[in-house]
Amino acid sequence: MTLARLSGATLGYGAGAVLSDLSLTLDPGERLVLLGRSGVGKTTLLKTLLGELEPDQGSVRLGHNVELGYFDQGLSSIPHDVDLVEAVRPPGKPDVTPGQLRSLLARFGLTGDIVLQHFGNCSGGEQSKTALARLAALNPNLMVLDEPTNHLDLWARDGLEAALCDFDGTVLFVTHDRYFIDQVATQVLVIEADGCHVYDGNYS
């Protein structure tokens with residue numbers, strides 16, 4: 001079952017194409033990293049897959065029964081005035097207990113009184129860990145991660161690597177962390193001036 005397919009897609013913001021004639025499929029179990037210089041279109045591609053942007057040409061389709069989870073490097077999806085326990089609660093699941101949510105936060109190294117603080121009062125690292133815990137709570141089958149290792153300490157980064165390698169679904173991510181790529185990626189999509197190229201394997 002293909003989770004997402006781009007066919008002859010031209011992507012941009014209306015003022016001009018950022019990516020042209022892009023064809024790509026995302027299949028179950030793949031962990032694909034996007035590489036390319038700043039401004040080449042990595043975030044544009046992610047936003048198009050998320051449905052926030054429409055392709056100028058071609059098509060972008062998600063498969064049936066796709067549950068998509070997104071980690072935004074700007075962390076804009078979480079209100080700043082909620083505590084960390086409520087920040088990770090999956091939408092529409094009021095029956096999940098605070099104890100279960102605390103256990104989930106603990107998996108990402110957030111324990112004790114910190115989980116009662118408002119999200120907006122936490123450090124960048126604590127906010128990133130909370131956002132990743134929230135993503136895990138959503139249990140998607142397609143994860144889209146934009147710079148997920150920013151602000152993470154070494155312990156949290158190792159935990160994220162292990163979690164993604166054990167994940168049964170598909171991962172599409174952007175990062176400049178070459179070690180992280182080598183540990184996680186099974187395919188590399190390089191966006192260059194002459195188009196996009198997909199390679200099997202990791203960065204090395």
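Q: Why does Glu 52 count as partly exposed?
A: Its relative accessibility is 46%. Buried means under 20% relative accessible area, exposed over 50%, and partly exposed in between, with a 1.4 Å probe and protein chains only. So 46% puts Glu 52 in the middle class.

This is a predicted model, where local features need pLDDT of at least 70, side-chain atom pairs count only at pLDDT 80 or more, and totals for chains, interfaces and linings use all residues. Residues are numbered from 1 along each chain as its sequence is written, and side-chain values use heavy atoms, without hydrogens or water.

Q: What makes Lys 47 and Glu 52 a salt bridge?
A: Their closest N and O atoms are 3.2 Å apart. A salt bridge needs a side-chain nitrogen of Lys or Arg within 4 Å of a carboxyl oxygen of Asp or Glu. The pair therefore qualifies. Lys 47 is also partly exposed, at 24%.

Q: How do you know whether Arg 89 is buried or exposed?
A: Its relative accessible area is 17%. That is under the limit for buried, so Arg 89 is buried. Its salt-bridge partner is Glu 86, with the closest N and O atoms 2.9 Å apart. Glu 86, at 37%, is partly exposed.

Q: Which parts of the chain does the salt bridge of Arg 157 and Asp 177 link?
A: The two side chains meet at 2.8 Å, N to O. Arg 157 sits in helix 5, and Asp 177 in the loop between strand 7 (170-174) and helix 6 (178-184). They are 20 residues apart, so the pair links distant parts of the chain. Helices (H or I, at least four residues) and strands (E, at least two) are DSSP runs, numbered from the N terminus.

Q: Why does Asp 177 count as buried, whereas Arg 157 counts as partly exposed?
A: Asp 177 has 15% relative accessibility, under the buried limit. Arg 157 has 23%, so it falls in the class in between.

Q: What makes a residue part of the lining of the largest pocket?
A: A lining residue has an atom within 4 Å of a pocket point. A pocket is an open set of points on a 1 Å grid where a 1.4 Å probe fits, with protein on both sides within 12 Å along at least five of seven lines. Here 20 residues line the largest pocket. Among those nearest its centre are Arg 107 and Phe 108. Helix 5 gives the most, with seven residues.
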